[in-house]
Amino acid sequence: MDSAAMGELVMAGFKKLGFLQFAGIDGVDYQVGRNVVEMAPRPEHLNHNGDVHAAILFGLAETAAMGAAISGIVDLMGAAFIVARDGRIEYLARAKGSAGPIRATSELPAETVARTRADIEASNPIELAVPVDITDNSGKSVAAATFTAVIRPRR
């Protein structure tokens, strides 16, 4: 299965989640080691200043990170359980609602993806630091985040 078809399957699964429906998060690019998602801000996503609410940005970043974390192991998901353990975000600039769509990009090196696959196949527990860059429609970074993806063998 190619990356585009895999990305469609992953986003179809993500889109069943109520929060992603509310936030309007859509897939843009999905490849092994890479996930890009975006959302077009609606009035219900904005704070009192007209900026995208911090919780929406955090959710967008988490979606990008977890998608990247599973991007190279989708075929092994039957043997693994994955969850975000924690996340940290730094807001760098205003994410103005008028500057949408807002995009989150998460990428992992090929070595990390290969090591993750090997650990899953060996039934080793894994913790990955997954970085995310969040930008407005001009490409300006408005936030940077890192999530810890925990991958454990299924019991």
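How many bridges join β2 to strand β4, and in which direction do the two strands run? Six bridges join β2 to β4 (residues 102–107), and the pairing is antiparallel. The model discussed here is predicted.

The pairing of β2 with β4 is part of an open sheet of six strands. The strand order is β1-β2-β4-β5-β6-β3, and the pairing is antiparallel. The edges of the sheet are β1 and β3 (80–91), each of which pairs on one side only. On average, neighbouring strands of the sheet are turned by 20° against each other, direction ignored. Strands of a sheet pair through backbone hydrogen bonds, in either a parallel or an antiparallel arrangement.

On its other pairing, β2 is joined to strand β1 (residues 25–31) by six bridges, and these two strands run antiparallel. Q31 has R34 of β2 as its bridge partner. The two strands form a hairpin with two residues between them. G33 lies in the turn of this hairpin and has a positive phi of about 85°.

Within β2, which spans residues 34–39, N35 can be followed in some detail. Is N35 buried or exposed? N35 counts as buried because its relative accessibility is 1%, and the cut-off for buried is under 20%. A polar atom of the N35 side chain lies 3.3 Å from the backbone oxygen of T63. Leaving aside residues up to four places away in sequence, N35 touches D29, Y30, T63, A64, G67, A68, A104, T105 and S106.

In β6, T148 is the bridge partner of A129. Strand β5 covers residues 126–135 and includes I134. I134 counts as buried because its relative accessibility is 0%. Beyond residues up to four places away in sequence, I134 touches L57, L60, A61, I89, I102, R103, A104, K140, S141, V142 and A143. The C-alpha atoms of I134 and F58 are separated by 9.6 Å, although the two residues are 76 residues apart along the chain.

The length of α3 can be compared with expectation. The helix has 17 residues and reaches 25 Å from its first C-alpha to its last, close to the 24 Å expected at 1.5 Å a residue. How much of α3 is covered? The helix is mostly covered, with 13 of its 17 residues buried.

The structure holds one aromatic pair. The pair is formed by F58 and F147 and is edge-to-face, with 5.1 Å centre to centre and 65° between the planes. It links distant parts of the chain, since F58 is in helix α3 and F147 is in strand β6, 89 residues apart. F58 is partly exposed because its relative accessible area is 30%, whereas F147 is buried because its relative accessible area is 1%.

In the loop between β3 and β4 lies P101. A cis peptide bond joins G100 to P101, with omega about 5°. The other loop, between α4 and β5, contains S123. Phi of S123 is near 60°, a positive value in a residue other than glycine. S123 counts as partly exposed because its relative accessibility is 47%, and exposed requires over 50%.

Definitions and conventions. Residues are numbered from 1 along each chain as its sequence is written. This is a predicted model: local features need pLDDT of at least 70, side-chain atom pairs count only at pLDDT 80 or more; totals for chains, interfaces and linings use all residues. Side-chain values use heavy atoms; hydrogens and water are left out. Helices (H or I, at least four residues) and strands (E, at least two) are DSSP runs, numbered from the N terminus. Buried means under 20% relative accessible area, exposed over 50%, partly exposed in between (1.4 Å probe, protein chains only). A polar contact is a pair of N or O atoms within 3.5 Å; within protein, one must be able to donate a hydrogen and the other to accept it, and residues adjacent in sequence count only if both atoms are side-chain atoms. Contact means heavy atoms within 4.5 Å. Two strands pair if DSSP finds at least two bridges between them. Axes are lines fitted to C-alpha atoms, for helices over the stretch in contact, and angles run from 0 to 180 degrees between N-to-C directions. Rings of Phe, Tyr and Trp (its six-membered ring) pair if their centres lie within 6.5 Å; planes under 30 degrees apart count as stacked, over 60 as edge-to-face and the rest as tilted. The expected span of a helix is 1.5 Å times one less than its number of residues.
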